[in-house]
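Student: I'd like to walk through a structure with you, one question at a time. Could we start by looking at it together?

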Amino acid sequence: MKKITLKKLILRNFKGIKSFELIPTDTETVIRGANESGKTTLATAFTWLLWGKDLQDRKDFEIKTLDETNEPIHKLEHEVFCILDVDGSEVTLKRVYKEKWVKRHGTNETEMQGHEALLWWNDVPMKLNEYNSKIEAIFGIESVFKILTNPLFFNLQMRWEQRRSILVDIVGNISDAELATKNPDLKALLSKLTNKSMDEYKAQIKSQKQSLNRQLETIPIRIDELDRTRPQ
């Protein structure tokens, strides 16, 4: 297991913060302040630097600095930089989000054509897949890191299927037969499976319902046809 220590975190033009530098102490650093003072923004900046997402696990969220009319201030570069100590070795990370401006053909005017994210690892420019591989080599699986560091992530950001899978891995799975010993209705249901899984049985019932519904739709037509052929 790696020992990872955050040595410095720098924000520039990130979610309304023009410039901020955090240098944690060697013992314990407590971040506190009034509502909307920037505490969540610091945590968001760190997750965005690593995975390009906010604390709600969203890639598409407002990063830009807004003006007094809540419109983005254009042509700013939005940057997060950090220095880590990983098992005694220094590692630097940087992610920059910027607008792409191009000159219109035949004119001197420029127009914005989307955005781009630029990445650096120890001052070396990186492609996204290269950067992600290095992040995973240090922090491991993204979801596991977030579960360990964000108490709200498991219940609020993960799908129920993912939560169930993790809990089953921890406590072990329970067979349908074991559940049936405590539930007579389930025991009766299991007797109908006849070498099918529960999902396969559900698919069978769904198909049968669809077939019956199609037959029900034809009943009025068949009645009308019989009425027409009935002798006066």
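The questions and answers below go through this predicted model.

Student: How far apart are the end C-alpha atoms of helix α2?
Tutor: Helix α2 covers residues 128–139, which is 12 residues. At 1.5 Å a residue they should span 16 Å. The model agrees with that expectation, as the end C-alpha atoms are apart by 16 Å.

Student: Within what arc do the buried residues of α2 fall, seen down its axis?
Tutor: The buried residues of α2 are Tyr131, Ile135, Ile138 and Phe139. They line one face of the helix, because seen down the axis they fall within an arc of 80°.

Student: Which exposed residues does the face of α2 turned away from its buried side carry?
Tutor: Start from the buried side, made by Tyr131, Ile135, Ile138 and Phe139. Exposed here requires over 50% relative accessible area. On the face turned away from that buried side, the exposed residues are Asn129 and Ala137.

Student: Is Thr44 buried or exposed?
Tutor: Thr44 sits in helix α1, residues 39–51. Leaving aside neighbours within four places in sequence, Thr44 is in contact with Phe14, Lys15, Lys53, Asp54, Leu55 and Phe61. Its relative accessibility is 5%, and the cut-off for this class is under 20%, so Thr44 counts as buried.

Student: In the salt bridge of Arg12 with Glu79, how many residues apart is the pair?
Tutor: The closest N and O atoms of Arg12 and Glu79 are 2.9 Å apart. Arg12 belongs to strand β1 (residues 4–14) and Glu79 to strand β3 (residues 78–86). The pair therefore links distant parts of the chain, with a separation of 67 residues.

Student: And of these two, what is Glu79, buried or exposed?
Tutor: Arg12, at 36% relative accessibility, counts as partly exposed. Glu79 has a relative accessible area of 13%, and under 20% is the cut-off, so Glu79 is buried.

Student: Which residues do salt bridges that share partners join into one network?
Tutor: Asp57 meets Lys53 in a salt bridge of 4.0 Å, N to O. Asp57 also forms one with Lys146, where the closest N and O atoms are 2.6 Å apart. Salt bridges with shared partners make one network of Lys53, Asp57, Glu142 and Lys146.

Student: What is the area of the nonpolar surface patch that includes Val144?
Tutor: Val144 lies in helix α3, residues 142–149, and is partly exposed at 42% relative accessible area. Together with Ile141 and Leu148, Val144 makes a nonpolar surface patch of about 320 Å².

Definitions and conventions:
Residues are numbered from 1 along each chain as its sequence is written. This is a predicted model: local features need pLDDT of at least 70, side-chain atom pairs count only at pLDDT 80 or more; totals for chains, interfaces and linings use all residues. Side-chain values use heavy atoms; hydrogens and water are left out. Helices (H or I, at least four residues) and strands (E, at least two) are DSSP runs, numbered from the N terminus. The expected span of a helix is 1.5 Å times one less than its number of residues. Buried means under 20% relative accessible area, exposed over 50%, partly exposed in between (1.4 Å probe, protein chains only). The arc is that of the directions from the helix axis to the C-beta atoms. Patches are made of residues with over 30% relative accessible area and no salt bridge: like charges are joined within 9 Å, nonpolar side chains (Val, Leu, Ile, Met, Phe, Trp, Tyr) within 5 Å. Accessible areas come from the Shrake-Rupley method with a 1.4 Å probe; for residues, only the protein chains shown count as cover. A salt bridge is a side-chain nitrogen of Lys or Arg within 4 Å of a carboxyl oxygen of Asp or Glu. Contact means heavy atoms within 4.5 Å.
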